[in-house]
Structure formats: C-alpha cells, structure tokens
Amino acid sequence: MILQYIKNVYITFSDSGHQHPRVKTGSALAKAGLKKIVLKKVMSSLKSMPTLPPGTKPLDNQVAGHQNTDGKIGCLQHEDGTILKPVQVPPKGQTEVEFYEEVFGEQASTDKVLLQLRELVPKFHAIVHAPKEPNVRFMKLENLLEDMKHPCVLDIKMGRKTYDPFASKEKIAMETAKFPPAKNIGYQISGMLTYSPKSGKFQKFDKYFCKNLDEESIVYQGFGKFFSVDGVLQKEVIKAVIERLQRILEWFLKQRTFNFFASSLLVVFDGDISPSPQSPAWSSPGPGEDVVDSCCNGETDSIIENDVSDLISCNSVDSKTNRAPSTHPKVQVRMIDFAHVFHMENEDENYIFGLKHLIDDLHRLMKS
Ligand SMILES: Nc1ncnc2c1ncn2[C@@H]1O[C@H](COP(=O)(O)OP(=O)(O)O)[C@@H](O)[C@H]1O
Ligand SMILES: [Mg+2]
C-alpha cells in the first residue's frame, strides 16, 4: 500500500503537464532540485500518513481538490468500485452530507426536481467511518472512472462567483484572484488529465497550468488539449459532452430549490483508443469500414454511459444502412462538490451563465 502510494505521488508529480514556475528543466541543477522536491514530498506524506479504511487507496487520477498529500486524506478509491470522499470540516462537510442525504433520501422519491438531480450527480451510497478514527467520516459515492480503462478527466469549477453569499471580504478577494476571467465566462478549469495511447502515458495539468489560461486559450489550449487524443480532436466526445451539459442546463432552468457555489462538473471519457489517420477515433464510419472491430477494441457489449437513448451499443446494426452505426465514446458528465450549496428559491443565474458559456465554447471548439 505504501509503495503504491509513493508511486502515485511520484507519477503525479513527474507527469505534470507544466513546469513548476521555479523549476527549470534541462540543467543538472534543476534535475537535482526536482529529485529533492519529489523526495521531500514522499517523506512528508509518509511521516504522517493517516490509516486508510480497509480496502481503499488514494484515488488514481484525481485531478483537483483536496489531495492525498502532506498527511491529509483526499478522495479514496474502494476495491468495491466506489470512492470515499472525506467529509470536510464544518460547515462545508455537513453541507455536502446534507445535500446528498436530501437528494438520495426517501422523501426525494416524490420530488421531481430531486429525482432528476439524482441522474446528474454521482450515486450516494452511505456515510462511513474510519475504523480507528470515528471522527473521520467519508461519503461513499459512485466512482465515475469505474469501467474506464484510461480515464481522461476534467474538473470545471462553475460560476462567475465561486464564493457563497456568506463569504468574508478576504475570501471573496482570494476566490476572485484565483482566475479573474471567470467573471466574464462563468467557469474555470481546476485540473485535467489526458491519456496518450501512442505513448501509453497519462499527462496531468494542474492548477498552475489552468490558472495561466485566459478566455480564449481556455477553449483551444485547455479544452483543445483535453479533447485531443494523440493530436486528434475527438469531436464525437465533445458532442456527447454537450448533450449531457444541455440536460444539466434543462434541469437548472426548471429548478428553484438550490443555488450552487464553487461546485464542479466532472467530465470523463475513456482515452483507450487507437486512432488512425483514415478513421479518426470515434468518427462516423466510412464505407466498408469494419466498425465493430474498431469501435470496441474487441468488446462488443460496450454501451454508452448516462443512458442516452439515442446512443446505442456498438454491436447493433443500423436498420437504414444495414451496417454497424458510428462508434460512440464512453462519456460521463456529472456535477460534483457540494460544500457550498444553499436552498434558494431563485434561478441559479451564476451557474446557468457559466453553463451556457461553456456549451457555446465547446460548440466553437467543435467547429475549429
Ligand atoms: N465521484 C467521483 N468519481 C471519480 N472521481 C471523483 C469523484 N468525485 C471527485 N472525484 C475526483 O476528486 C477531485 C476532487 O473532488 P471534489 O468533490 O471536488 O473534492 P474537493 O471538495 O476536495 O474539491 C475531482 O476533481 C475528481 O478528480
Ligand atoms: Mg472540488
């Protein structure tokens, strides 16, 4: 377990998609510095590593939020296929727990808004306690990366304002300074992870990379990078993501129950594809192409996530063309992170503004 943890810490750091501002690679000095930093990071994590609940390890491929470093516990993945997200200190932790309990509680089964919301967030299973530390609690949630061989992950924090109505002046100043373009576009990227089938490697883009984007580069350098697999822009994936975002928008336009602050959208797709120049991955099939073989990498029962009725399993046959339909990616888009959710009866303009902008920006990327 500890070895695995060291490996995770090292891979996360060494695969970072950006250079730490103070680290210059290429010189022996920089390399020595890098080794020292990695070692320091590993040692400090080991020194005070808390006991993890049995059957868990730090979540592979976490891209943002509270991380499993410096003796702190971040998200954990359980061998049963769920994740355990630590309940944060009050009031944030309690707010998130109450939100999940409300959405997945018995009373919600007669409330249309809450029932629809269940489809847009990870499934909530239970609150669990750490065995030796009863005060450490976790939310047991659906792991959105489950069943993906090489998940590409994007965390988009939503809203022009990422501070709640009760935030102090200092908090407002701090949040606004984190990414000033959010005021105009209504969202920001908190972190992302890409996968290259050619090299077999993941690449992580952390908050330093994301902070340096602006209103334009967030679309082409940010999303452009995320939705490209080995240099090929995955337009089918973007299309599927837009469809899911539209559904989230529809829900927001109807509901008058919650306002969400500093909440994120988690976008995930499986980067495990083998693009070829003739047949860009996940494009519509050309004449005579053997779609079944290429679309599922040998798995013929692969079905699209999020039960999209117009997206079908890739071994079925299109009745009009009498051949297999176009390939479809495995895509997940869900709302996550509910530490600042409030019951409010007004439309959530702050979130809706960002969501509309995000959809427009992805349309622009599609057309590029
Ligand atoms: N249900 C989930 N399935 C898979 N990964 C998740 C899930 N929830 C969170 N994550 C990962 O953990 C990160 C942080 O989650 P988040 O809920 O935003 O925590 P925090 O409150 O620490 O910001 C996300 O960016 C994502 O990488
Ligand atoms: Mg978060």
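Which residues form one aromatic cluster? Phe99, Tyr100, Phe104, Phe124, Trp251, Phe252, Phe258, Phe260, Phe338 and Tyr351 do so in this predicted model.

**Figure 1. Overview of the predicted model.** The secondary structure of the protein comprises eleven helices and 14 strands. The protein has 368 residues, of which 48% count as buried. Among contacts with a sequence separation of 6 or more, 72% join residues 24 or more positions apart.

Figure 2. The cluster includes Phe99, Tyr100, Phe104 and Phe124, together with Trp251 and Phe252. Phe258, Phe260, Phe338 and Tyr351 also belong to the cluster. Two of these residues, Phe252 of α9 and Tyr351 of α11, take part in the contact between those helices. In the protein, the count of aromatic pairs comes to 23.

**Figure 3. The edge-to-face pair of phenylalanine 226 and phenylalanine 227.** A pair of aromatic rings is described by the distance of the centres and the angle of the planes. For phenylalanine 226 and phenylalanine 227, the centres lie 4.9 Å apart and the planes are at 75 degrees. This pair is edge-to-face because the angle between planes is over 60 degrees. Both phenylalanine 226 and phenylalanine 227 are buried.

**Figure 4. Packing of helix α9 against helix α11.** Helix α9 spans residues 235–254 and helix α11 spans residues 349–367; the two pack at an angle of about 160 degrees, with axes 10 Å apart. Helix α9 is therefore roughly antiparallel to α11, and their crossing is left-handed. On the α9 side, the contact includes Ile238, Val241, Ile242, Leu245, Ile248 and Leu249. The contact residues divide into 16 nonpolar, two polar and three charged.

Figure 5. Helix α8 covers residues 217–226 and contains tyrosine 220. The helix is mostly covered, with seven of its ten residues buried: Ser217, Ile218, Val219, Gly222, Phe223, Gly224 and Phe226. Tyrosine 220 is partly exposed, with a relative accessible area of 33%. Leaving aside neighbours within four places in sequence, tyrosine 220 is in contact with Lys225, Arg364, Leu365 and Ser368.

Conventions:
Residues are numbered from 1 along each chain as its sequence is written. Chains are lettered from A and ligands numbered from 1 in the order in which they are written. This is a predicted model: local features need pLDDT of at least 70, side-chain atom pairs count only at pLDDT 80 or more; totals for chains, interfaces and linings use all residues. Side-chain values use heavy atoms; hydrogens and water are left out. Axes are lines fitted to C-alpha atoms, for helices over the stretch in contact, and angles run from 0 to 180 degrees between N-to-C directions. Helices (H or I, at least four residues) and strands (E, at least two) are DSSP runs, numbered from the N terminus. Angles under 35 degrees count as roughly parallel, over 145 as roughly antiparallel, 65 to 115 as roughly perpendicular and the rest as oblique. A crossing is left-handed if the near helix is turned anticlockwise from the far one by less than a right angle, and right-handed if clockwise. Contact means heavy atoms within 4.5 Å. Ala, Val, Leu, Ile, Met, Phe, Trp, Tyr, Cys and Pro count as nonpolar, Asp, Glu, Lys and Arg as charged, and the others, Gly among them, as polar. Rings of Phe, Tyr and Trp (its six-membered ring) pair if their centres lie within 6.5 Å; planes under 30 degrees apart count as stacked, over 60 as edge-to-face and the rest as tilted. Buried means under 20% relative accessible area, exposed over 50%, partly exposed in between (1.4 Å probe, protein chains only).
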